[in-house]
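This report describes selected parts of one protein chain. Please look at the sequence and the model before reading on.

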Amino acid sequence: MNYTCTRDNSISISASKAILAGISPDGGLFLPEEFPKVSLDDIAKMRSMTYPERAAYIIGLFLTDFTNDELKAYTAAAYSKSRFGEIPAPVVDIGGESILELFHGPTFAFKDFALQLLPYLLTASAKKQGIHDKIAILVATSGDTGKAALEGFADVDGTGICVFYPYGGTSEIQRLQMTTQQGKNVLVTAVKGNFDDAQSGVKAIFTDKAYTDELKGMGIRLSSANSINWGRLVPQVAYYFSAYCDMANAGAVTFGDEINIAVPTGNFGNILAAYIAKLCGLPVKRFICASNKNNVLTDFIQSGTYDKNRPFYLTTSPSMDILISSNLERLLYLLSGRNDAQVRGYMAALAKDGKYTVSPGLHRAIAAEFACGFADDARAAETIRRTFEERRYLADPHTAVAIAVYEEYKLSTGDCTPAVIASTASPFKFSRSVLKALGKDTSGCEFDLIDRLADISGLTIPSRLAGLRDMAERFTGCIEPAGMKSFISKGLIK
């Protein structure tokens, strides 16, 4: 299976080349030239597999220049009991809906599923391509990706990683997870501005040919651990197949019947992975795209116009505080019939004017697959409180956004198709917001709040979060977006 580019159909490269590059030189994103087909019989066989086995099977359909034995070894190591516990991606019934818990990895967010595996895929890709250069990983993060990437790549031979996060735009726990990171090959800095400023800066570096050529001359290649990298996205496809298997095993859905999938999203990667699972054969009726107050995706799905020219809000669900949803480009490409010229035009308009309007046919195609809605902080807080009081389930603010939007969708449409809601982070990463939503005392430091939330909920504090209390911060700087390239050159290029 080869990969092409959303902005240039003439490109055709192997999976390992696509993973190694991260992003096309023209700024486009890689996608398979065709999608593998997964039959109901194939899914039935997956029902008795472990999670690492399910992941290796699905990922292997996409990464055909990796052997089955390689992928089985990688997924067994990435999703081991020591990293993810007994069940990496459990499906929990909360009384009418199924919650897919994606926060049992080492950094307690869904990004772990991709970023514990990506170092194996990336280093193996370099070997397959006969490349011995140092790989410099660049990451822009709105909160969770940064720590997950740092955890995955820390002290991995032949790599260096540099993470940029928006100053004041993460929770305190998310920030501490990054600034206390250990490892000789890691760099972290805050960036003045929001996530979009950091993400745009990273993209600009990747498409700066003079700079990338200069680095190659020094034996350094850039790659990305953001979901613009196909190696980041494909592991996420696997957990939607796994969720379906678990729902069928538990009787939450009759095997072969369709489900709905609700996902809290900012950069559109997690919900795009679910859509790709459907393209491969997963029985899905509707996707419910849940946004917070930065509801650029809701407006786009409803109107067909994407417009980032709007106020930017810092919310209690910071990982969704995004106005430029990079992975939407992949959806536009697929639903436009792989029309690279059309996608180039939309992306050029976005870069020039901050907005674009898709064709009526493309808008209809998007609306046929995706429902949408948004929940502001007040509504998310009310959902946290009500879900805990009525169902004894403690949701973090991102998950609460998805629950609220899904409930609104179900009420307005009467669609009672069995649903799975992606829960993307541990509530302990956002203790202050969760406690406030529950009407509890929020005085004290972050670690006092974590203790208080554990007492109220009866849940066990993740040991790695509790351990942050005694860790010294290593990275306390803050730079302008214009200084990102210089920061990389001074820090990673040694």
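Two residues are in contact when they have heavy atoms within 4.5 Å of each other. Helices (H or I, at least four residues) and strands (E, at least two) are DSSP runs, numbered from the N terminus.

## Basis of the model

The model is predicted: local features need pLDDT of at least 70, side-chain atom pairs count only at pLDDT 80 or more, and totals for chains, interfaces and linings use all residues. Residues are numbered from 1 along each chain as its sequence is written, and side-chain values use heavy atoms, with hydrogens and water left out.

## A covered helix

Buried means under 20% relative accessible area, exposed means over 50%, and partly exposed lies in between (1.4 Å probe, protein chains only). In helix H9 (residues 172–179), seven of the eight residues are buried. Among them are Ile173, Leu176 and Met178. The buried residues of H9 pack against helices H8 (144–153), H21 (446–457) and H22 (463–466), and against strands E7 (159–166) and E8 (186–191).

## A buried isoleucine

Strand E15 (residues 419–423) contains isoleucine 421. Isoleucine 421 is buried, with a relative accessible area of 0%. Leaving out residues up to four places away in sequence, isoleucine 421 touches Glu97, Ser98, Ile99, Leu100, Ala262, Ala402, Ile403 and Tyr406.

Strands pair if DSSP finds at least two bridges between them. Strand E1 (residues 2–5) is joined to E3 by three bridges, and tyrosine 3 has proline 32 in E3 as its bridge partner.

## Salt bridges

A salt bridge is a side-chain nitrogen of Lys or Arg within 4 Å of a carboxyl oxygen of Asp or Glu. How many salt bridges does the structure hold? There are 29. In one of them, aspartate 246 meets arginine 54, with the closest N and O atoms 3.0 Å apart. Aspartate 246 is in helix H12 (residues 230–250) and arginine 54 in helix H3 (residues 51–62), so the pair ties together parts 192 residues apart in sequence. Arginine 54 is buried at 4% relative accessible area.

Glutamate 86 and lysine 81 form a salt bridge at 2.8 Å, N to O. Glutamate 86 is exposed at 61% relative accessibility, and lysine 81 is exposed at 58%. Arginine 385 and glutamate 382 form another, at 3.3 Å between the closest N and O atoms. These two residues, arginine 385 and glutamate 382, are three residues apart in helix H18 (residues 377–391), about one helical turn.
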